[in-house]
Amino acid sequence: MGKSKDFDVVVAGAGTAGMTAAYLLASKGLSVALVDRRRKEDIGDKICGDAIAAHHFTSTGLPHPTDKVVRAYVKGIKVYPRDMRYSISVATTEGGYVVDRHGWGQELLGYALEKGVELYSDSIVQDLVLEDGYAKGVKIFNRSLKESMTLNGKIIVDATGYSSILIRKAPEAWGIEKDILDRDVINAYREVVKLKKRFDDVDYVHLHFISEYAPTGYVWLFPWDRDGYMLNIGNGVMPHRDIPKPHLLMERYIREVFPDLLRDREIIKKGTWNIPNRRPRHVFVGNGFAAVGDSAIMIDPATAEGIGYGLYGAYLLSKYIPEALEAGDYSQDMLWKYQHAYMTSPYGLRQARLDVFRHLMQAYSDADYEFVIKHGILTGKDVSKARDEDDIINSFDKALRVLKSVVHGKLSIIKDLDYTLKVMKTVKSLYLNYPESKDGIKEWSMKVDGIFAELRNRFRPYVPPGLMERTNKAFQTTG
Ligand SMILES: Cc1cc2nc3c(=O)[nH]c(=O)nc-3n(C[C@H](O)[C@H](O)[C@H](O)COP(=O)(O)OP(=O)(O)OC[C@H]3O[C@@H](n4cnc5c(N)ncnc54)[C@H](O)[C@@H]3O)c2cc1C
């Protein structure tokens, strides 16, 4: 028998969601183990855009990132179509941060350790220990000590991000869907760069919807210092046979769109990682088990912004786990309260509604984006309202926009938008009626799956013809 140790809760994965959950649970007096494959000093580092809206901290009462780790303060988002003379600005009520992800991660780790969380770093989570249909612990392997160990917990939390290691080990009886469709994944490439020339607009994060370099996603340019000499840049695309790897598309973007600014950049960090980009997993709890963050798929599917959603998940988890422990009931039924609370929260509803909207966005061509933005068919106000409100466009504005669409021969855009807004309403009401217990989840899931199958069918991803050939050629000729 190897070594083992007992805890109230074992959190697998020290990303933003796992560390926040561990910190909040330990703050409530629970004994918590936190495991990560990274070494302690590397925890927090992650391939990411590093942008987070400030309101997430207000809605959870969590400490905002300190000035020391904030690389840039921003007012909101600017969205551009192919022609960057046009844009819409989406201001967020409290603005946002672009953070030094590693520094902020170390800050979160510090909060957790201060509350008594026991860290198992440099340790790979290998397996879920199951007994009588309940999760009872995790098997870990410490790389430097070359030692295996079992961490026992009354409740095990999977916060291992996209890889969702423990979700994959969950028994079928819990009804957790393990695999997601390629259509619901974004493969993203990111660089942090130093520039010789100044990037002017450091008050916003910039999203460029341009299919030649980011079909089904966007290119981002985020300020990564307050003077405009460092940027966090990248792009994300759906895995698709006709779409080249994102780093190749990004290199083309740099050479063809911003050569003066970006070609001589010094690359500080670079890498590629995946984002689960859809509504939350329909079930992410089991007996003695709960997932949070990317592992549970907590993300805004329209922008792939997942940090704040994971923080909110961790916040809810820290309300419901102590309740379960107090009741001595760690069953799936008990933890369902956490699942139900997330699904019916503003975050869960927004995520589901924006997953509908995302299908429309991924089908738009450059000409569609240009038309929609240039002619004010969708405004910044509409976009921020679309997150939460059903009637985002009043009837007068709508009539005006229909007229513009007719004049420009683009009525189908309004029809698609209208359809999308209706489906968003339907989905919201389904999510508001998310089953209160596991009974009814099959029927509910079938309804939701049916709606999304129809969306996939109606809105095929737009990929510009010949993209693969052009990209291959660009690298054959220039090396
Ligand atoms: C390129 C890119 C850009 C993004 N930009 C933004 C953005 O600007 N804003 C935003 O809000 N979101 C963004 N996201 C999404 C965001 O990064 C995630 O939603 C968020 O980091 C999820 O946090 P998490 O804690 O759930 O998972 P993660 O941050 O992925 O943390 C998981 C942790 O689990 C550990 N782990 C995994 N497997 C094991 C194992 N077997 N054993 C031990 N440890 C393990 C990992 O080391 C890691 O520390 C971006 C994502 C990508 C890929």
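At what angle do helix α8 and helix α12 pack, and how far apart are their axes? In this predicted model, helix α8, residues 346-363, and helix α12, residues 411-432, pack at an angle of about 155°, and their axes lie 9 Å apart. Angles over 145 degrees count as roughly antiparallel, and α8 and α12 are therefore roughly antiparallel to each other. The crossing of these two helices, α8 and α12, is right-handed.

Helix α7 covers residues 332-344, and it packs with α6 at an angle of about 160°, with the axes 9 Å apart. That angle makes α6 roughly antiparallel to α7. For α6 and α7, too, the crossing is right-handed.

I turn now to the sheets. Eight strands form an open sheet with mixed pairing, in the order β3-β5-β4-β11-β12-β13-β10-β14. Which strands stand at the edges of this sheet? They are β3, residues 51-53, and β14, residues 266-276; each has a single partner strand, so one side of each is left without a neighbour in the sheet. From one strand to the next, the twist averages 30°.

Strand β5, residues 88-99, pairs with β3 in the antiparallel sense over three bridges, and A53 has G96 of β5 as its bridge partner. Strand β4, residues 70-80, also pairs with β5 in the antiparallel sense, over eight bridges. There, the bridge partner of G76 in β5 is A91. Further along the order, β11, residues 204-208, and β12, residues 219-223, run antiparallel and are joined by three bridges. In that pair, H208 stands opposite V219 of β12.

Strand β1, residues 3-12, runs parallel to β9 and is joined to it by nine bridges, with V11 opposite V157. Strand β16, residues 289-291, likewise runs parallel to β9, through three bridges. V157 is found here again, standing opposite A290 of β16.

Strand β8, residues 134-142, pairs with β9 in the antiparallel sense over six bridges. In this pairing, V138 stands opposite L151 of β9. How many residues lie between β8 and β9 in their hairpin? There are four, and in the turn K146 has a positive phi of about 50°.

I close with the surroundings of the ligand. Which of the 40 residues around the ligand come nearest? They are G15, G49, G161, G293 and G306. The elements that give two or more residues to this shell are α1 (16-27), β3, β7 (123-131), β10 (185-194), β14 and α6 (307-327).

By class, the shell has 18 nonpolar, 14 polar and eight charged residues. At least three residues of the shell come from domain 1, which comprises 3-50 + 100-180 + 278-343, and at least three from domain 2, which comprises 182-276.

Definitions and conventions. Residues numbered from 1 in each chain as written. Predicted model: local features only at pLDDT ≥ 70, side-chain atom pairs only at ≥ 80, totals over all residues. Pairing = 2+ DSSP bridges. Axes fitted to C-alpha atoms, helices over the stretch in contact; angles between N-to-C directions. Near = placed C-beta within 6 Å. Nonpolar A, V, L, I, M, F, W, Y, C, P; charged D, E, K, R; others polar. Domains from an automatic or database assignment. Parallel < 35°, antiparallel > 145°, perpendicular 65-115°, else oblique. Left-handed = near helix turned anticlockwise from the far one by under 90°.
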